[in-house]
Amino acid sequence: MGGSVRIATTVNGQAHEHDVEPRLLLVQYLREVVGLTGTKIGCDTSSCGACTVLVDGESVKSCTMLAAQADGSEITTIEGLAQGDELHPVQAAFHDQHALQCGFCTAGMVMATVSLLDEIPRPTERDVRLGLEGNLCRCTGYHNIVQAVLAAAGTSR
Amino acid sequence: MIPAPFDYLRAGSADEAIAALAEHGDDAKLLAGGMSLLPLMKLRLATPSVLVDVGRVHELSYIRDAGDHLAVGALTRHRDLEISDVLAAQCEPLRTVASEVGDNQVRHRGTIGGSVSHGDPASDLPALLLALDATFVVQGPDGERTVPAADFFRGFLETALEPDELLTEIRVPKSPGAGFSYQKFQRRAQDWAIVGAMAVRDGDTRVALVNMATTPLRAVAVEEAIAGGASATEAAERAAEGTEPSGDINATPEYREHLVRVLVRRALEAASA
C-alpha cells in the first residue's frame, strides 16, 4: 500500500513533475520536494493559516491538502509574488505598515490577503477581519495587518 | 502530522467512484475537499487503506433551478454557494450559512456533499438542511434513491449512506423571502459552533440545532410551542428538550443547554424581524 502517484504542477510559473507518496501533504511537497520553504507549517491542523498558498488563484491551507489533489494546478507561494526586486503591492503594504512582529504568520497572511483582495477588491475593515479569520497571529499583531490590507486595497487598484 | 499510508484513486465520474467503492468495500473512503477527512487522517482517527478522490467529478458541481426546488450538486464548494445568485434569490439561508462555514481557505476547498456525508453534529450545513426539509439523492451500485434529511443523520458521524454509496445531489425547497437567522456561538471566528441555533420562518417555523446531540437535530418542542401560539421567549424556554449535548473543553452540557435557550430565542426573534 502507498505506492506513488505522478503529479504535474506549476509552482510560481515553473513546471514540475514528481512521483510522490499519496499521503504527501501539499505543504511538504512545496517545502521538501520543490524546495520552497517560505510557506510555513504552524499548527498543522488547519487552524492557523501559516501554510496558506494559492491553488489556481484561491487561498488554501496547504497542510490540509494532498499534493496529489494539486495535480494539474497552478500554485503560487510567497516566493512567487515579487517581480524581481519589486515587491508585490500586498508585500509592500505589509512592509510599509509594519504588519508583522515575529513574522511567522506573515507568508500565510500575505497569501490569504492576495486571495481576499482578488475576491473583494475594495474591502471594508470588517471584510478584512472576516476575510482573514483563518489566519492567526500569535503576537496578536492584527491591527497593523488590517491596516496593511486596507492600504494594499487602496494602492493595488 | 502525516496520514497513515493509503492507495490513491482518482474518480473521473460518479459511476467510477461507485465502482471503486464496490471494489474496495469498507476499506475505502471518498475524498472530496478533504476539509473533514484529512484532519481525521492526520490525527490517525481515520485510516482508510484506499482513498477515492471525487474532487474532480465536475459533473456534480452545480446549482440549478429545478422548478419547485433547487438542485445542488454534492461537489459544489461552500465558496460557490456563498456567491450564488440563484441561492441569493431562492434560498438565501443556504447562501448565508455556507458563508459562515470555517474560513475562506476552508470554503475554497470544502463541499456541501462532503459536509453532509461527514454528518458532524457541530457542522453548520447539516443542521440547516434539516431545517429546510432538504432531500438527499444517493447513488449506489443498484441505482439511485432519495433520503429525506430527517432520516439521514443516524448517529455521531454516522449517516444513512452505505459504504458503497455516493451522495450526488441535495434538493432544497425554494424559500424566497423566508425569515432566517443563524446564531452561531463560538470563541474564535473560524471555530466550529460551540452551540448553534437556526430558525426558518415562512408561515410555519422550523428550528434546527448545532452541536446539541450526536446528530444535528430539530428543536421539535420549540416548533410545537410556536405552532401553538407561544411567543419566541416562551418557545425558546423549551429549546433544550430532547437534546443530549456533550461536555468538552469549550462547554459543559449544562452550559450548552443554557446557550441553546438563549440562541433559539435570538434566532426566532431575528428571523421574524
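Reader: How many residues sit between β1(A) and β2(A) in the hairpin?
Author: Two. Keep in mind that this is a predicted model. In the turn, Asn12(A) has a positive phi of about 50°.

Reader: In what sense do β1(A) and β2(A) pair?
Author: Antiparallel, over seven bridges.

Reader: And which residue is the bridge partner of Val11(A)?
Author: Gln14(A), in β2(A).

Reader: On to helix α1(A). Which of its residues are buried?
Author: The helix covers residues 26-33. Its buried residues are Leu26(A), Val27(A), Gln28(A), Tyr29(A) and Leu30(A).

Reader: What do they pack against?
Author: Four strands of chain A: β1 (5-11), β2 (14-20), β3 (52-55) and β5 (74-76).

Reader: Which residue takes a positive phi just after α1(A)?
Author: Gly35(A), with a phi of about 90°.

Reader: Switching topic. At what angle do α2(A) and α3(A) pack?
Author: About 125°, with the axes 9 Å apart. Here α2(A) is residues 89-96 and α3(A) is residues 106-119. That angle makes α2(A) oblique to α3(A).

Reader: Left-handed or right-handed crossing?
Author: Right-handed.

Reader: Which residues meet there?
Author: From α2(A), Val90(A), Gln91(A) and Phe94(A). They meet Thr106(A), Met109(A), Val110(A), Thr113(A), Val114(A) and Leu117(A) of α3(A).

Reader: How do the residues of that contact divide into nonpolar, polar and charged?
Author: Six are nonpolar, three are polar and none is charged.

Methods:
Residues are numbered from 1 along each chain as its sequence is written. Chains are lettered from A and ligands numbered from 1 in the order in which they are written. This is a predicted model: local features need pLDDT of at least 70, side-chain atom pairs count only at pLDDT 80 or more; totals for chains, interfaces and linings use all residues. Side-chain values use heavy atoms; hydrogens and water are left out. Buried means under 20% relative accessible area, exposed over 50%, partly exposed in between (1.4 Å probe, protein chains only). Contact means heavy atoms within 4.5 Å. Two strands pair if DSSP finds at least two bridges between them. Axes are lines fitted to C-alpha atoms, for helices over the stretch in contact, and angles run from 0 to 180 degrees between N-to-C directions. Angles under 35 degrees count as roughly parallel, over 145 as roughly antiparallel, 65 to 115 as roughly perpendicular and the rest as oblique. A crossing is left-handed if the near helix is turned anticlockwise from the far one by less than a right angle, and right-handed if clockwise. Ala, Val, Leu, Ile, Met, Phe, Trp, Tyr, Cys and Pro count as nonpolar, Asp, Glu, Lys and Arg as charged, and the others, Gly among them, as polar.
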